[in-house]
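Dear colleague,

I am passing on the structure below, together with some notes on what was found in it. Please keep in mind while reading that this is a predicted model.

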Amino acid sequence: MLRKILILDKDLAMCQKFSNFLRNSGFVTASTSCNKEALQLIKASDFDLILCDSELKNTYPVAFLLKIKSIRPGIPIISMSDSENIQTAVELMKSGAFYFMLKPINPERLLDIVASALKEATGIQTATPDQNEKILSKPDKEKRESNEQTMSEGVMKQGYPYITGVSAISKKLYKSIDLVSPTDYTVIIHGETGTGKESVARMIHEKSHRNSGPFLAVDCGSLSKELAASELFGHEKGAFTGALQTREGAFMLAQGGTLFLDEIGNLSYDVQLLLLRAIQERVVRKVGSSAEKPVNVRLIVASNEDLYESVAKRKFREDLYHRLNEFSLTVPPLRERKEDLCLFIEAFVAHASKRLNKDLKMPTPAALEILETYHWPGNIRELLNTIKKACLFTPNGKAISEQYLPMEVKLTQEFLVRMDTDDDLSIGQNTSFSPLGIPTKASGAAQSEKSLKDIAAIAELNKIMLTLRSVKFNKSKAAEILNIDRKTLYNKLKRINI
Ligand SMILES: Nc1ncnc2c1ncn2[C@@H]1O[C@H](COP(=O)(O)OP(=O)(O)OP(=O)(O)O)[C@@H](O)[C@H]1O
């Protein structure tokens, strides 16, 4: 389904730029620089997201945001601004903005934020260019070539080798993979987002006797409650409104191979029951049919959340959990396998160099230090994207230096230290940016210092709010993800009056 985005920017040329870019990325857009017209458009059309300049003419940004929210309460709004005004950012975030972005906007970052906002608002994941290797759900899958599912093809498509780390924790993981791969055991893979759970599932498939059969990945997080059963088991023509054709489900499509169910904890209790039956009896029945068909599929499932905890919270069926738990693995977060970091960086730099037709060197010692101290909440995926971006900026023949690392990576740690020792969150105005969001020299050392602090404050504000939302405002969990203690998080929230 195409998503509709309304763009509001005081500058018509910017409206056009955002519009072109988002259209090319697969969205439907409308844009305006007039706030009144914007409100009319919002009333008249069912936009999925609003990208809104916080400096529109004759408008107080928070009041305008609240006005939009009064017309469309649940709509995600991404605020943008030319100035690193932390007070406005805080007010907008407190009033319900999803994210506060500083201009000039990094296009890739914008797509990431749009995808997260849409996912949070609708529960449906939207592919961004960086995520385009991920199979979202079967309908997306069907659009692709049917034979792109094996590990070797996956690795070729990915363009860089699968890195088997050297850290003790990685070695333990690969030992477990080697142990379980040749069996037909069902496997639960736990791990934070981006740690490589799907890659591990592919590896298990590749090392199993099923490797000549299909590997099919289904993201249960993107399946609606109504359609999940049909996606997994198929449906007969006319089984429900919109079932225009008979369709095979994921189980039948993975026949003879491996079915990987990502984010399994998101399946409803009803569908969990159907899944349990399919596993126990090794038969599936299409929605709207009484005929049962035998299936021969190895199941691997993954979850970002501890499934056993979900059982305790009665969100996940205990019988299904025990049925699935023939073997379980945890893919460690990147921050716990720092010894592997250089291997990943080396592979990603080599890959990006090849794609960009450049000869790029490993990061300088200072840049490596930053990469090593950052806590990588998005894990390998975040590292991959960071290196891709840095390689784009780095001139041919050079090593990646710290100036080419994204702001968030550089500033989060710097700022976490700084915030603990500095109470002053006043407003600065003087940072200038290169076209893709890398800060260039400000006019004086004091100004640069000031603006940097404000930019860092905004980066932290976004990070904290995104993290808090992702864990439903559980502060202990958020502190854990942010790698700070709970008290520090409380202090930060208090300081920005949240
Ligand atoms: N060992 C590895 N070597 C090289 N690249 C890897 C490795 N593990 C993961 N990656 C890359 O990291 C990115 C994230 O991996 P993957 O999609 O498997 O993570 P995930 O844990 O399943 O993420 P999510 O929780 O969001 O579904 C992908 O681009 C993948 O190719």
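Ile189 has Leu329 as its bridge partner in strand E14, and this pair belongs to a parallel arrangement in which four bridges join strand E6 (residues 187-190) to E14 (residues 327-330). Strand E6 is also joined by four bridges to strand E13 (residues 298-303), again running parallel, and there His190 is paired with Ser303 of E13.

Turning to the ligand, 18 residues surround it, and the closest are Ile163, Gly196, Lys197, Glu198 and Ile380. The elements that contribute two or more residues to this shell are helix H9 (197-206) and helix H17 (379-393). Both domain 2 (138-332) and domain 3 (336-495) supply at least three residues to the shell, whose make-up is four nonpolar, eight polar and six charged residues.

As for the nonpolar cores, the largest has 53 residues, among which Leu51 and Ile78 touch the most other members. Helix H19 (residues 445-470) gives the most to this core, namely 10 residues. Because domain 1 (4-81 + 107-126) and domain 3 (336-495) both give residues to this core, it lies between them. If residues up to four places away in sequence are left aside, Ile78 touches Leu51, Cys52, Phe98, Tyr99, Met101, Ile113, Val114 and Ala117. There is also a second, separate core of 44 residues, which includes Val200, Phe215, Cys220 and Val331.

With best wishes

Methods
Residues numbered from 1 in each chain as written. Predicted model: local features only at pLDDT ≥ 70, side-chain atom pairs only at ≥ 80, totals over all residues. Near = placed C-beta within 6 Å. Nonpolar A, V, L, I, M, F, W, Y, C, P; charged D, E, K, R; others polar. Domains from an automatic or database assignment. Core = buried A, V, L, I, M, F, W, Y, C linked by C-beta atoms within 7 Å. Buried ≥ 20, exposed ≤ 12 C-beta atoms within 10 Å, placed from the backbone. Contact = placed C-beta atoms within 7 Å. Pairing = 2+ DSSP bridges.
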